[in-house]
Structure formats: structure tokens, C-alpha cells
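Look at the two chains before reading on.

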Amino acid sequence: MNYINAGDRSGCLSFLSGITNLSLIQCDLSCFLAQQSLPPVNSLSLEFLTDVCIALEKLEMDKSCRGLVVTSSQPKVFSAGLDILDMYGKSPEHCAEFWKAVQEMWLKFYGSNMITIAAVNGSSPAGGCLLSMTCDYRIMADNPRYSIGLNETKLGIVAPFWFKDTMVNTVGHRATEMALQLGLLYSPAEALKIGLVDQLVHEDQVLTTATETMTKWLAIPDHARQLTKSMMRKPTIDKLAANREADVNNFVKFITKDSIQKSLGMYLEMLKRRKA
Amino acid sequence: GHAAARRAPALVAQRSSSSTSQKIKVDFDQSSGVAVMHMQSPPVNSLSLEFLTDVCIALEKLEMDKSCRGLVVTSSQPKVFSAGLDILDMYGKSPEHCAEFWKAVQEMWLKFYGSNMITIAAVNGSSPAGGCLLSMTCDYRIMADNPRYSIGLNETKLGIVAPFWFKDTMVNTVGHRATEMALQLGLLYSPAEALKIGLVDQLVHEDQVLTTATETMTKWLAIPDHARQLTKSMMRKPTIDKLAANREADVNNFVKFITKDSIQKSLGMYLEMLKRRKA
């Protein structure tokens, strides 16, 4: 991870070596920008998830850090979601380790005390959509070529209950029921309409708008905001926190099925053909 | 009138009755079965311990009167529906007083949100915090289409936190996501914004708020009452039970929170700010 202090040095973090796929930039005294920069599409691999969680934890423990903007340095993509290569042809042990990391990412982001804003400057399917939904606020680039949504069923897999819970908390029950069953990927305009994202701006303005929005949130007394956020999200978080092991076992059992592995294999083939 | 005499032959024929505690005026039209509660506690219908007690007594009387099927709640104070919980009942008061106050706030919510009557809020002025809560307990909200008015749960702006049952009521009204943002930012919505997110159900000209409320009531009164009551109770019972089963703990949490030095300081600063604004 590259750490760049763009301004006042009084709140600097110690340099984290060896992690190159995430840039942390201090925007001002209390707000950080995390840029996902893992080519080609910021896939949430076991390794990347681990890096992201380490970075988030450091910021969470830093009392001077009150806000976090998450964005992408990869063109056209915010994050393509969970890395299928961590689920395809892997041992049950590897799948379990991978799933624990996915849980950890969600628990840390959804349960963060900081103000979190997703600057969605590219497409964001599946795990990418989940990451954006963990944030307090979502700004997306108004580019009809981008899409966002939980498209698991299209790949023959099923979004776990806590993905579903997060979506229900964002767009409501009925919209989630249809979105999840059809594996819908929404255009930015559609996403705004159903409330999956909160604001659309020109692609060049996504990051600026995120920082401006942050100022508004930072003006609220922090302890009151934190207690309120926690009150809203605790029941949803507890549902997974109290059942992590069972959820991992369910995932491993499911993902290692021959039929599911076959579905994943076919999807990877399809991606290869698309590239060629 | 004739209809009223037929309805209650044993009573002196009385078409309507009016009762006034100093700060609440209730007009009950027995022929239609609709009561109108006018909040008239100057200057801004602050929900003080005293006012909450009066309001609950008035509501209970109507609830127990089988001929009263509907209640419209409105304000006689200009520009304000209700400014919310009276900070003076929370600032510089003993823990015992704060506990008594909070019990009264709980009681108001339990009685209004759990009412069997059809309740309509005729929101003819601004309605922050507790005022917004009161309006959300009703079955239907009509607001004056005046951009100078605002409505919402703005507790965080004062450095305090809306209790879980305020949050639950808002989630039941505008949904989870909207509530998450509204509560964290302590948003006060204009009538147009409030309508857009569903915090209020209808906007009309200021002069039409009460009339529209009475017209709307007619629609609701047409529904077979037992079916409507059971339906309302089915919808709200889980939310009500969450507080009803935990009243004492909720009071203790409130007292512990509100008597903290840091919170008292926040409240004090807010009161100072209000004084400066007046001057």
C-alpha cells in the first residue's frame, strides 16, 4: 500500500510496505481516500480482501480519521466482485479461508464507525455492489455503460443472506426480491431510481462530489452519528457475527458441489471467449 | 341534532362537545365520531412533561369513548405543529425528573402509535424531532405546502441520539435506507422533500390542511372498523412490543445518557444558540 500525505502532516500513518494494490490518500485532517488499484478489475481476491481489511482496520483505530472515501483507479470498473479463481478448483480449506475474508470485509465495512462514501466510478457487479452498499452514501458516475447490482444467480450461484440483508436495507424487500432472483445489473439511472445509489454525477466529478458530501457528514457531532449508525445496523451485523462458522460451512459445502463448480467453470470459459 | 338524539337517547342531545385543558382543545363531533385535538401550548407546542401528560389524558378519554372512531391532531400555534420534546425537561434536571419525563414520552408514543382510532396528523407548521415522531404515529399525514416549514428527526444535530423506537417508527414510514441517512444527518425536510420520501402522504395549501384531514377521515371511516383495527394492530404490534417489553431499561438508558456531562453541555449550547437567535 502506498501512503501519500497530500496535506498537513500532523495525522500521518506509518508506511505499510508490501501491499501495492490499495492507495491511501489523506484528503484532509480527518478524511482518507482508498483507491483500489488491482488490475485488471479490482477483483476481491483472498489477498486483496486481506489488504483492504488491514487498511480499513488501521484507519478505524486512528482516532483522527473520521471519514473514508472508497474508489477505483482501474478504468471502467469500481470492482468486479469476488474473484472466482478463489472459488474454482480450490480445496475446501482454501474456500473456507476465502469466505472468512469476505465476511471480514463486510463486517468491517458495514460496521465501520467512520463515515464511508463509495465513489463508484465504474461498473460494480456482485461483491463490488456489496462493497458499495456497506457505505453510508453512494455516488455513481452517470455513464450508461456502467452497471451495478447483485448478479449471482446469473452465474448459477446464490447471494448469501447477509448480501440480501444489506440490499433489503438499501432498496427494500420487493426490489431486492426481484433484483436477486433475476441477478439484475442496473444502469446508473436505474440504480438511482430504485435507491441503490444516492446520486449520479459526471464521471469527472465523482471524487470531488464524494469529498464535498463528506464535509456535510463531518459537520454532524460524531458520537451522535456513530451511535445512530450502530443502532441502525447492529441487528443486521449480529445476524452474521453470531453465525460466521455455520455460514462458512454452508458456503464451502455449496461452492464445492460439482454442479456449482461446473457453473463457475462455464462462466470463466465465457469470460475467456469474450476477451478473445 | 336529530341524528345525535337517536344515537344516544339517554343523553341530552348534544351534537358536539368541547373540552379544554389550558393547552389542548378537543372538539368531538359525536354524529361523525371524529374528534379534533388542537395543540395550543405557546409558543411552539413543546412536548413538556406537563403537556405530554395532558395530551395522554385527552387521548385516553377519546380512546375509551366508543363513539369516537377518529382523531385529527393539529396545532393552533402559528408556523409550528410541534417543536418536539421540551429541552427544559432534560437540561439541568434531576435523574428522577428525567425518568418521569421519559416515561411520559414513551406513554405518548405507545398510546398514539397503538391507538385503535383512525389518526390523522394535520401538520400545519414545522415539526422537528418529537413533533415529527407524533405525526409519524398517525395513520396519515397531511402537511401544509409551505417551504418555510420543515419536518424530520434532527436529534444528531443537537448531539443527541434518537431512541430505537423513534428509529423503528421512521423505518416503518420511509424505509431503512432513508432513515439511516435522515437520522445520521439529522435531516429536516421541506414539505416537498418530505412528500417525495414518503414522510408525509399529502401536501395541500395551508388553509386546506384541516379540511383535507376531515375529508380523508370520511374515507377511512367507511372501512369496517373491526377489520381496520385488527389490521392496524397486526402491522404495529411488533414495533410496539419492542418498547413495551423494555420500558424500564429504555428509561434507564435515557437517564444515563441525558445526564452525561457531555450531553448536558450539548443541550446547554443548543439552548444558548436558540437564545442568541431570538435576540
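How many salt bridges are counted between chain A and chain B? The count is two, a salt bridge being a side-chain nitrogen of Lys or Arg within 4 Å of a carboxyl oxygen of Asp or Glu. A:D198 forms a salt bridge with B:R177, with the closest N and O atoms 2.8 Å apart.

A word on conventions. This is a predicted model, in which local features need pLDDT of at least 70 and side-chain atom pairs count only at pLDDT 80 or more, while totals for chains, interfaces and linings use all residues. Residues are numbered from 1 along each chain as its sequence is written, chains are lettered from A and ligands numbered from 1 in the order in which they are written, and side-chain values use heavy atoms, with hydrogens and water left out.

Stay at the interface. There, 20 residues of chain A are in contact (heavy atoms within 4.5 Å) with 20 residues of chain B. The area buried between the chains is about 1,700 Å²; buried area is the accessible area (1.4 Å probe) that two parts lose on being put together, summed over both. Carbon and sulfur atoms give 66% of it. A:I220, A:M231 and A:M232 supply 35% of what chain A buries against chain B, more than any other three residues.

Polar links occur here too. Eight residue pairs, both at pLDDT 80 or more, are in polar contact between chain A and chain B. A polar contact is a pair of N or O atoms within 3.5 Å; within protein, one must be able to donate a hydrogen and the other to accept it, and residues adjacent in sequence count only if both atoms are side-chain atoms. On the chain A side, β7 (137–141), α4 (161–171), α7 (206–218) and α8 (222–241) each supply at least two residues. Helices (H or I, at least four residues) and strands (E, at least two) are DSSP runs, numbered from the N terminus. The largest share, nine residues, comes from α8(A).

Now go inside chain A. A:D136 forms a salt bridge with A:K229, the closest N and O atoms being 2.9 Å apart. A:D136 sits in the loop between α3 (127–133) and β7 of chain A and A:K229 in helix α8, so the pair ties together parts 93 residues apart in sequence. Both are buried (under 20% relative accessible area, with exposed over 50% and partly exposed in between; 1.4 Å probe, protein chains only). The values are 0% for A:D136 and 2% for A:K229.

A:E104 and A:R244 also form a salt bridge, at 3.0 Å. A:E104 is partly exposed at 26%, and A:R244 is partly exposed at 24%.

Turn to chain B. Helix α4 (residues 130–137) has eight of its eight residues buried, so it is largely enclosed by the rest of the structure. B:R141 is found in strand β7 (residues 140–144). This arginine is buried, with a relative accessible area of 6%. The side chain of B:R141 reaches the backbone oxygen of B:L199 at 2.9 Å. B:S135 and B:M136 are among the residues that B:R141 touches.

B:R236 forms a salt bridge with B:D139, at 3.8 Å between the closest N and O atoms. B:R236 is buried at 11%, and B:D139 is buried at 15%.

Terms used. Lists of a residue's contacts leave out its neighbours within four places in sequence.
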